[in-house]
Amino acid sequence: MSDFADMHIHTTASDGSESPKKVVQLAKKAGLYGIAITDHDTIDGVQEAMDEGEKLSIKVLAGIEISLDFVRNTHLLGYFPNGYTERFRKSIKELKSYREDRAPIILDKLKKLNCPIDIEELKRESGDGVIGRPHIARVMVNKGYAKSIQDAFDRYLTSGAPAYVDKKRFKPQKAIELIVKNNGIPVLAHPITIGLETVKLFEQIHLWKEAGLMGIEVMYSTYTKEQHKLIDKLAEKENLLKTGGSDFHGTNKPKIKLGIGLGQLQIPKEYFDSIFDIKI
Ligand code: AMP
Ligand code: FE
Ligand code: FE
Ligand code: ZN
């Protein structure tokens, strides 16, 4: 077993290509110390991952990644070292329904753009998981409407493109409170990708800390060394927990590998353990 963890992973419960069970098997093969499952707006994959973790003796931490109503790409990770509360399970059903409401609106736009897709076709692609744009992109590729997932996003699905539809989201404050009230630990995901300039980012994170934020993702696949240093410094300045993750999506983000990201990630197991050490 290595001394490294991966605290940001997607499965087929959201927009990853690998099942929760398979993700745990891959983590075992990679010799990881522990992993967190952090699917978008759902916790449906976690039990399966925990069962497999038990079998293979690899630690699995219950998580989630919630998209926030803030500037684009602002995501909040929630970690639940003692598992999810029943109240939390109920609250996030709302997020799933936001997505279910959005999918037919996107399909309607695509139809007008000469890319008809049946909702049943889409549901076959997303399986039991929450529907995300990557599922739509994949169907578009399969039907020959786009050359690749990236092409489908660029020409149709990305923000500002003709079939883009935003989904309803929780306000940052509401999402932080929801996690804290349910014995979870709220952590800001990939702060660099929010796109704020440094001073604004530091100010904003300070405000969120006052609202209950407990950690930030200091290690992430796409960070440069300088960006890692910057966020690391911010974590120390604000006395926030440090976490790190690859944001693995399987073949839906083929360059990103479990544990190592683009090849350079080494997330200390102490980051993983620190989640379990907090008194909540
Ligand atoms: P959704 O949550 O349905 O809005 O979809 C967001 C997900 O789509 C992200 O987590 C990524 O996995 C993927 N995604 C977003 N933008 C792009 C893009 N420009 N190219 C490829 N994948 C993207
Ligand atoms: Fe994703
Ligand atoms: Fe994210
Ligand atoms: Zn993610």
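Me: What makes you call Asp15 and His249 buried or exposed in this model?
Reply: Happy to explain: this is a predicted model, with local features needing pLDDT of at least 70, side-chain atom pairs counted only at pLDDT 80 or more, and totals for chains, interfaces and linings using all residues. Asp15 is buried, and so is His249, where buried means under 20% relative accessible area, exposed over 50% and partly exposed in between, with a 1.4 Å probe and protein chains only. Both His8 and His10 are buried too.

Me: How do you know which residues coordinate the iron ion (ligand 2)?
Reply: A donor is an N, O or S atom within 2.8 Å of the metal (3.2 Å for Na, K and Ca); water is not among the atoms, so sites may look incomplete. Asp15 (OD), His40 (NE2) and His249 (NE2) sit at 2.1 to 2.2 Å from the iron ion (ligand 2), so they count as donors. Their spacing in sequence is D-x24-H-x208-H.

Me: Which residues are the protein donors of the zinc ion (ligand 4)?
Reply: They are His8 (NE2), His10 (NE2), Glu65 (OE) and Asp247 (OD), at 2.0 to 2.2 Å. Residues are numbered from 1 along each chain as its sequence is written, chains are lettered from A and ligands numbered from 1 in the order written, and side-chain values use heavy atoms, leaving out hydrogens and water.

Me: Why is the arrangement around the zinc ion (ligand 4) called irregular?
Reply: Its four donor atoms subtend angles of 84 to 172°.

How values were computed
Four donors count as tetrahedral if all angles lie between 85 and 135 degrees; four count as square planar and six as octahedral if opposite donors are over 155 degrees apart and all others between 65 and 115; anything else is irregular.
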